[in-house]
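Hello,

I am passing a structure on to you, with notes on what was found in it. Please open it alongside this message.

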Amino acid sequence: MNILVCISRVPDTTSKIDFIENDTEFNSRDVQFVINPNDEFGLTRAIWFKEKKGAQVHVVHVGTSKSDATLRKCLAIGADKAFRIDTPALDGLAVAKELAAFVKNNSYDLIIAGRESIDYNGAMVPGMMAALLDIPFVTNCVGLEIDGTTAVAEREIDGGREKLKGSLPIVIGSQKGLVEESDLRIPNMRGIMQARQKPFEVVTAQEAPAATKDIKFERPAPKAEVKLVPADDLDQLIDLLHKEANVL
Amino acid sequence: MPVLIVIETENNALKRNAAEVASYGVALAAKLETSCTAIAFHAANANELGHYSVTQVAHVSNGPKHFDAHAYASEIADFAGKNNVSHIVISSSADARFLAPLLAAKLNAGYAPNAVKIPVELSPLTVKRTAFTNKAFTYTQLLGDCNIIGVGNNAFGVIENTVDCIVEEIKAENANSNLEQVSIEKITGKATIADADVVVSGGRGLKGPENWHLVEDLAEVLDAATACSKPVSDMGWRSHDEHVGQTGKPVATNLYIAIGISGAIQHLAGVNSSKVKVVINSDPEAPFFKAADYGIVGDAFEIVPKLTEKLKAFKALG
């Protein structure tokens, strides 16, 4: 089985979100970039398939050489080969088109991408890629079994779960639950050394056009100070929620 | 060219978020000075969209009875193409965010989910939406010939205004799916995180899963959904689908009550879109106090049962 995991590089979840150039650009100074957590859950599941079922795991990323360290980390935790499609990631549709073209030129049974990136939260890439390739897609995936050429994927729905069946190749939008947080790998020295020897290919991009453009960012307005209510005066809290906040 | 409003349904009825999505779509059409049509699959009460100024509904009564992202996206794309639709309005629910990317790729459309208000510009179409998991906003230009706006949950509100609504039955010709539903499990009779007006959430401060009756009792009085912080789900005290925060579910409810949750930046990011936040925590230095509207410093084990009783009495008074 050949698995492709699509990797996005995002600011670490604890990063301070700040903007420069008159709020037109994200301030990446002092920001640590990591594998998008939703992608990492998917990659970890892919590595499970490698270890238990002998799958080959490739990772692919659309972006510039700034992301090479992130891709090396994917190799260090178990991916076999990395590809970087050499163009800045413009928007969800442009990235999906690059990835779809890449998948068409190669042969994968299972394609995994995080359900959404934690920076732009578009949740676009996996679904768009599936539609462009005209293959099945399940997102918010919290369970995945492969049997021969059939995938059974469970997706989290509001208040429950839905189990769906489709033929390979399939695109999966991964999230926490596909594996648990405790299953995530931390690269060890051996993995890091091996990653240096693993194939890493830079691929020429299609230069697909974007359908959207982020022109300006804004920080949320500063929050008013919390109103503290004494623990022995809960009637006051109810009164505030009822009359002031109007939520009861 | 008209606006198409994609309405979600469940059990042959409109879903609750239909009201907000319809209100947004109608307001957008008015701003564009164009007509608008809604499309809904399997909704016996589709005519009730007339309560939100929707005058026309295309009702699809064949094809998959349960939500099927692939089949629905194919059919909506077909309908949009035939009717020269220029703007599509959809919610930002989990189902919508399953369907919309498929639809966008089929139509080569621009797509912006989590819009917080009506577009700030019409040409080029510019939408203000949340980004960085609610830690910021971005103004996104949508440059397609057709563009899709995902309305953020509880971001725009509902505008009630009853008009005559004509429901036209249409047959799906293109509703093909490449997935088969094996099973579906869904809790019934209890509010869910996406749909509830109030969410009561518990953290590590509750010391163990055996104490969750505190959260559940309070939630019951408020018709609230129950949720939890990441460590609570990681430790297996509560199931993963209750985890709210950056890598869990987003919450955009009217009232969010956090009990024994310190307020890590990832948790706050996930709940920031809620309108009013109340925190109960014994540690006055807990970061959640900086993000909350109302706070009580004290022992949750004493405060929460009392609050539950008092709210019960308050609710009984009507």
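How many buried residues are there among the seven residues of strand β13 (residues 180-186) of chain B? The count is zero, and the strand is hardly covered. Please keep in mind that this is a predicted model.

That strand has a partner in the other chain. Strand β11 (residues 160-167) of chain A runs antiparallel to β13(B), and six bridges join the two. Within this pairing, B:E185 of β13(B) has A:R161 opposite.

Next, a pair of helices in chain A. Two packed helices are described by the distance between their axes and the angle between them. For helix α2 (residues 68-76) of chain A and helix α5 (residues 189-197) of chain A, the axes come within 8 Å and cross at roughly 115°. The crossing of α2(A) and α5(A) is right-handed. On the α2(A) side the contact is made by A:R72, A:L75 and A:A76, and on the α5(A) side by A:G191, A:I192 and A:A195. Of these residues, four are nonpolar, one is polar and one is charged.

Last, a residue in a loop. B:P209 sits between β14 (198-202) and α4 (213-221) of chain B. B:P209 counts as partly exposed because it has 13 C-beta neighbours inside 10 Å, and a residue is exposed only at 12 or fewer and buried at 20 or more. Neighbours within four places in sequence aside, B:P209 is in contact with B:W237 and B:R238. From B:P209 to B:A191 the separation is 18 residues in sequence and 20 Å in space, C-alpha to C-alpha.

Regards

Methods. Residues are numbered from 1 along each chain as its sequence is written. Chains are lettered from A and ligands numbered from 1 in the order in which they are written. This is a predicted model: local features need pLDDT of at least 70, side-chain atom pairs count only at pLDDT 80 or more; totals for chains, interfaces and linings use all residues. Helices (H or I, at least four residues) and strands (E, at least two) are DSSP runs, numbered from the N terminus. Two strands pair if DSSP finds at least two bridges between them. Axes are lines fitted to C-alpha atoms, for helices over the stretch in contact, and angles run from 0 to 180 degrees between N-to-C directions. A crossing is left-handed if the near helix is turned anticlockwise from the far one by less than a right angle, and right-handed if clockwise. Two residues are in contact if their C-beta atoms, placed from the backbone, lie within 7 Å. Ala, Val, Leu, Ile, Met, Phe, Trp, Tyr, Cys and Pro count as nonpolar, Asp, Glu, Lys and Arg as charged, and the others, Gly among them, as polar.
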